Amino acid sequence: MSWTRDEMAMRAALELKDGFYVNLGIGMPTLVANHVAKGIDITLQSENGMLGMGPYPTEDEVDADLINAGKQTITELRRTSYFSSADSFAMIRGGHMDLSILGAMEVAENGDIANWMVPGKLVKGMGGAMDLVAGARRIVVLMDHNDKTGGAKFRKSCTLPLTGAGVVDMIITDLAVFERPDRRSSFKLIETAPGVTADEVRAKTEAAYQ
Amino acid sequence: MSKTYADAAAALDGLLYDGMTIAAGGFGLCGIPEQLIAAIAASGVKDLTVVSNNAGVDGFGLGVLLHTRQVKKMISSYVGENREFERQYLSGELELEFAPQGTLAERLRAGGAGIPGFYTRTGVGTLVAEGKEHKDFDGETYILERGIVADLAIVHAWQGDPYGNLIYRKTARNFNPNAATAGRMTVAEVEHMVEPGSLDPDKIHTPGVYVQRLFAGTGFEKRIEQRTVREHGA
C-alpha cells in the first residue's frame, strides 16, 4: 500500500522542528501545514513578502492586499511581518530558512532537482524555486515515486533542465523515504510505506542509493 | 517643486518614449500599479521592455499592454496566467528573459543602490547560469547577475504624502519598494494621499527621494487572482 498525498504530507511534517522557519512550495507541500504536530511551533514564510502566514480567510476577511505565493487569499497572525521581495529573498538566499519542502518532476542521485521546465512544453517560469533550493538550509522533496507512465522520478541523472544542482537532502515519495546526512553523501533508503518492500522500491527506482 | 499630479496620464506626461525600459511593482495582481499601466496602454508607447515578476492576466494588469502589443520584451520569473502572453511568446512576437524571483528582486535592489552586479548561488548549474561569469568564494560557486536600472519605474502604494514618501500595505508591498529605487524616474499611484506630517516617519517604506511624481487614484479595481476562503469556525 503506497502512501496517499495526505500521508506523504504527514510524513513530511515530521521534519518540522519546533521554532523552524519554513517555506512550503505550491501544490502538495502546502498540505504539510495541516499536519504540524502539537507542541511544534513553526512560522511559514511566503516568498512574496510575508513571515507568519495564516489560514485562508473567511468570506468577510478576504483582502486583495493579502495573498500567498500561489496568489491565494490568506490571513495574518499575531506574529506576522511583511517585507519587500528583495528582503524576502535575502532571508531565503542568506540561509535563514530552516527548511523548504518542494514538489519535483525529477531528482537525481546526486541531489539535482528539476521542477520548472519541460522542453517543448510551455514554460511558465521558475518563480522562486531556484532561489529556494539554493538558499534554504534543508531541502525536502515531496513527489510521486513514478510518473504517469511508470517512469522513475528518482534517477541517475535528471533529463529535464535543473532547478538546482546537488541541493536535495530528503525525498519523500508515495512508496519510500530517502535521506542523506550531507550533500556529499549518497541517499539512503530509510523508510518504506506499509506493505511496500525494499525490493519493490529498488525495482521502481533508477537512482543508486544505499 | 510639487510632485503631485491629478491622475495617471498627467503623472506620466512627457516621460514615455518608444523602446524604453519600465520596471513595475506587483506580485500576480497584488499591488500592481493598475492605473499607471492603463495610462501607458492609452498612450500608445511601444517596443517596451517591461521588468515585472509576472505579466498580469488577460485584460488586466500588464496583460493590457500585451494585448495592445506594446511590449517587445518581458523580464519576469513567472508568466503562467496569461494566454495572450503565451500566444505572442510561442509565435516569437515577444522576447522573454526568465530571472529567478529572488535574483530579479535583487537586480532591481542592486540597480537602485548603484551596484552594477552581484554574485549569487541561485541558478548555478542551471540554464540561468549559461553565459554568465562564474566565481568561487569559500569553496562555493556563484554566478554574476546584473543590476537593473529602468528608464521608468511604476509602483502602487497604500499611502503617500506630497513629498513622495510611501507606505505599502501587507503583501501588496512585494516588488514595489525595489522597483521604486530602480527607476531613473519613478511614478507612484497611491490609494490615499495624506497631508504632510501625517505619515509616521519611522514607518515609511519608500523615502520620497525615490519618487519623482505621484497621484492619488480613485476606483482601484484591486482584482483577486485566487479567492480562497474557509468556512466560519473552520
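Author: In this predicted model, a contact means heavy atoms within 4.5 Å.

Reader: Which residues does N146(A) touch, not counting residues up to four places away in sequence?

Author: N146(A) sits in the loop between β8 and β9 (154-155) of chain A. Leaving out residues up to four places away in sequence, N146(A) touches G151(A), A152(A), K153(A), L175(A) and K204(A).

Reader: Does N146(A) count as buried or exposed, and why?

Author: Buried means under 20% relative accessible area. The relative accessibility of N146(A) is 19%, so N146(A) counts as buried.

Reader: Which backbone oxygen does the side chain of N146(A) reach at 3.4 Å?

Author: A polar contact is a pair of N or O atoms within 3.5 Å. A polar atom of the N146(A) side chain lies 3.2 Å from the backbone oxygen of G150(A). At 3.4 Å, the N146(A) side chain reaches the backbone oxygen of G151(A).

Reader: Which strands of chain A do the buried residues of α1(A) pack against?

Author: Helix α1 of chain A covers residues 5-13, and its buried residues are M8(A), A9(A), R11(A), A12(A) and A13(A). The strands that these buried residues pack against are β5 (99-103), β8 (139-142), β10 (170-172), β11 (176-179) and β12 (188-192) of chain A.

Reader: Turning to chain B, which residues of α2(B) are buried?

Author: Helix α2 of chain B spans residues 34-43 and is mostly covered, with seven of its 10 residues buried. Those buried residues are E34(B), Q35(B), L36(B), I37(B), A39(B), I40(B) and A41(B).

Reader: What residue follows α2(B), and what is its phi?

Author: Helix α2(B) runs over residues 34-43 of chain B. After α2(B) comes G44(B), with a positive phi near 80°.

Reader: Why is chain B said to be as compact as a globular protein of its length?

Author: Chain B has six helices and 11 strands. For 234 residues the globule rule gives 17 Å, and the radius of gyration of chain B is close to that, so chain B is as compact as a globular protein of that length; its value is 18 Å.

Reader: What share of the residues of chain B count as buried?

Author: The accessible surface of chain B is about 9,900 Å², and carbon and sulfur atoms hold 48% of that surface. Buried means under 20% relative accessible area. Of the 234 residues in chain B, the share that counts as buried is 55%.

Reader: How far apart are the mean positions of the positive and negative charges of chain B?

Author: Chain B carries 23 positive and 29 negative charges. The distance between their mean positions is 1 Å.

Methods:
Residues are numbered from 1 along each chain as its sequence is written. Chains are lettered from A and ligands numbered from 1 in the order in which they are written. This is a predicted model: local features need pLDDT of at least 70, side-chain atom pairs count only at pLDDT 80 or more; totals for chains, interfaces and linings use all residues. Side-chain values use heavy atoms; hydrogens and water are left out. Helices (H or I, at least four residues) and strands (E, at least two) are DSSP runs, numbered from the N terminus. The radius of gyration is taken over C-alpha atoms; the globule rule is 2.2 Å times the number of residues to the power 0.38. Buried means under 20% relative accessible area, exposed over 50%, partly exposed in between (1.4 Å probe, protein chains only). Accessible areas come from the Shrake-Rupley method with a 1.4 Å probe; for residues, only the protein chains shown count as cover. Lys and Arg count as positive and Asp and Glu as negative; His and the chain ends are not counted. The place of a charge is taken as NZ of Lys, CZ of Arg, CG of Asp or CD of Glu. A polar contact is a pair of N or O atoms within 3.5 Å; within protein, one must be able to donate a hydrogen and the other to accept it, and residues adjacent in sequence count only if both atoms are side-chain atoms.
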